[in-house]
Amino acid sequence: MEDDLSPTAVSDAVWSAQDTTPAAIEAALSTLVAERHRENECYVAARALNLVCIVDAQFSGEVANRLRRVGRYHASRTVVCSVSPGRATIDARATVASEADPRPGEFSLMRETVVVSVGERHVPHLARIVDPLVVTDLSTVVWSPHGNRAAVDSLVAPAGGTRPIAQTVLLDSASEPDQRAALDRVCTLAQRAAVVDLGWLRATPWRERVAAHYDPAGRRPELGTISKVSVRHGSDSLVSGLLLIGWLCDRLGWRPEQLTRHGDLLRGRARSRRGEVELRLEPTGIMRVPGLSGVEIRSDLGSVLALERGEGGLTARRTERGGEQRSWTVLGASRGEPGILGEGIRHTLLPDATYAPALAAARSMLA
Amino acid sequence: MTPPAQPPPGTNPLTEALERQPVHATVLVIFGATGDLAKRKLLPALYNLAHEGALPEHFALIGNARSELSDEEFRASAVASVREFSRREPDETVLDKLFADARYVSGSFGDDEVFESLATILPELDERAGVTLNRCFYLSTAPEFFPVIVKQLGAHDLGEPADAEARVIIEKPFGTRLQEARELNETVLSVFEERQVFRIDHYLGKETVQNVLALRFANGMFEPLWNRNYIDHVQITASEDIGIGTRAGYYDNAGALRDLVQNHMLQLLTLLCMEPPVDFSADEVRNEKVKVLRAIHAPTEDEVADMTVRGQYTAGNVAGVDVPGYLDEDGVPEDSHTETFAALRLEVDNWRWAGVPMVLRTGKSLARKVTEIAVTLKPVPHIAFTGEGSQGVRPNVLVLTVQPNEGVSLAIGAKIPGTRMAIRQVQMEFLYGSAFLSQSPEAYERLILDAMRGDATLFTRNDEVEAQWNIIDPIIAAWQRTTEPPARYEAGSQGPAEAQTLLGANRAWRMI
């Protein structure tokens, strides 16, 4: 795997070794950082977040590309565990990269990347390998885009009840082919660690728009009169739709029932104090990026809010009971998939208390 | 089956935990919309808010200035400003849509026609949005127009829309003397209530300035030391390594004292010295800040000479480049006595701070650009180390750097490696930029959003601004009265040597 994950790195210090040990890697990293700082005291080690990334060696290039495009949200130390079947030894390559040549009196951040090549035999003990490599006292997040569940488990719930290495799991519930299994897995992980779900973050702008639309005092009573919620989602993003509806259920006190499948369509109900809310999830055509393509919320009073993905933001349309319509654009730049991963990394330091209950509600709809 | 728990009527439970909280539909009217501040700061800030999806669901923009422009020309100018000055590469679609419906009203601030046009356009925008938009009037003009615009807003009933809020955002400087600030407050408060008034001091929008409060009130280790028993003195420095450039017209009337001390530096001092507020609501925070300002002894004119030093730069060399002296700058009168350097020694006469010198200095064409607060602790009461060991023991200094390299450092004594007990001061350093993933928003992004939300915590209240002028006014009066020229200092230097007198014996200014 390429170890320079910074798109704008202008200078690197590199160390590599074959058949090495975590202690030797850690010592090499410390030396590299100290040498760079001695070379120019304006080079300062970033100290915000450890990211442990577990990848299958054959797909490591793709993961490196994704990490390279996350924008400014790079972890300060990234430990990539590249797993190859049959490998018996541990090889490592450590890089300390600086993003800019510091001008006099200013500083330039150093970000550290270690690519540790391990074999499947190492996976059950991955915590023992990673532990010395993360910066103590910094929050550690684990991201394992190719599965490797045993490795993730060993970091968030080590055997013997010892203290976990990672406090947060970064995942994409939309990347699993079986949504029910995906939600089960996330629920299990959420009991052990904080979870940042890219599927949830894809729904976040929609949640913000819905919340903002009903925020004016005169419109808040409409929240108690919602009678139907329809969500259209990318073919791979059912979970984002479920999480959006799960969030509405949790926040508005609805009790969702199990959804039923009608072809590609999922339909069902939630019980509110006033009665029933009709729920509908429908896949849309091919989308440029995963996520949602539309949300429609109807109220008993006859008003309808429709949000559609559009250029430069979401296109909103409100229809009043009498049929009068207004439409407008709610501005916001698309983050794209690399941006979503960057947001995921950033959100590992911003816990969201509304995710877990939304997840529980989403899971109950797929029971 | 028990019915599910429902949120109380009238609440919006959907906003909980959202990073971007809703903002009421708003129209922003910028007076001085073609000026430098609007181009460099306000319009790029609006773009960045739009980019992040932070603007209200319904947002409209009206620009006003004297230039004769059509709506289309104003839109093109706004787009160009964002392209040139935005902190991020703009998304062209968002940029086009942001200004696509912007309106422009040309005319002088005293013209009734301007305000009659606004009175016509604003309801049209309400109608189009389907909701009465809150009005935010941003006075980004020369200060002499503030009362003119406010009176016009009042005369045309624009300060009190039905079913919505009107707010006025007023740029600095808020007056040039105490009496002027009082009169301006009187004018503003004859049209708006204080809760509608947002006096900008963009320093308060800086993350690192707000971090002074986080450092003090989110950490237990500093508070026990934060008083006259442990703190020897405080130095606040805001230095610039550039001269006045093309701003002679403004600067020669204002001077360093009005430009930076009356507002930004006194804000830093109040944040450093205030008592913990009950909560971080606008009035609780500002109540505590005003108490500090009221506790500062305003010098009598006779005391000014002992408590202040003013200076003016002469030709010199800044970072290897030869630069002219202030009197040789374009547009500066050859006999100008305007200070380009100001230093003050103040004391906060209250239980916590009595007797602790608070020294402030600011200047142009100094050795380096830096804004920092340095808190020097008292020396240890007894030095146990003998001989060489005792020589390196220095008082601890806690430095809060606002710019550049925002962060906190603490100078502590440490043993020099070796067989002898020798001490040297070393730095424990925290750099703001190294510890967070998020990029700090521009101060104006935060402040515009807060004003649209109606949160005045980071804005200056009427009594606060008057209390600031109450301290500065006698100094201005005394400096105006004297015929003595300001002390001279060479450009690129540490400032006039005379400033050392403010610190007293056994203390020295930190190197800039």
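Student: In this predicted model, how many residues does the contact take from chain B and from chain A?

Tutor: Residues count as in contact if their C-beta atoms, placed from the backbone, lie within 7 Å. By that criterion, the contact takes 51 residues from chain A, and from chain B it takes 44 residues.

Student: Which helix gives the most to the side of chain B that touches chain A?

Tutor: Three helices of chain B each supply at least two residues of that side: H1 (36-51), H3 (92-99) and H12 (432-435). The most, four residues, comes from H3(B).

Student: How do the residues of the side of chain B that touches chain A divide into nonpolar, polar and charged?

Tutor: The charged residues of this side number eight. The remainder are 16 polar and 20 nonpolar residues.

Student: Is strand E7 of chain B mostly covered or mostly uncovered?

Tutor: A residue is buried if 20 or more other C-beta atoms lie within 10 Å of its own. Strand E7 of chain B spans residues 231-239, and seven of its nine residues are buried. E7(B) is therefore mostly covered.

Student: What distance separates the centres of domain 1 and domain 2 of chain B?

Tutor: The domain assignment gives domain 1 as 20-171 and domain 2 as 204-438 + 467-502. Taken over C-alpha atoms, their centres are separated by 36 Å.

Definitions and conventions: Residues are numbered from 1 along each chain as its sequence is written. Chains are lettered from A and ligands numbered from 1 in the order in which they are written. This is a predicted model: local features need pLDDT of at least 70, side-chain atom pairs count only at pLDDT 80 or more; totals for chains, interfaces and linings use all residues. Two residues are in contact if their C-beta atoms, placed from the backbone, lie within 7 Å. Ala, Val, Leu, Ile, Met, Phe, Trp, Tyr, Cys and Pro count as nonpolar, Asp, Glu, Lys and Arg as charged, and the others, Gly among them, as polar. A residue is buried if 20 or more other C-beta atoms lie within 10 Å of its own, exposed if 12 or fewer, and partly exposed in between; C-beta atoms are placed from the backbone. Domain bounds come from an automatic or database domain assignment.
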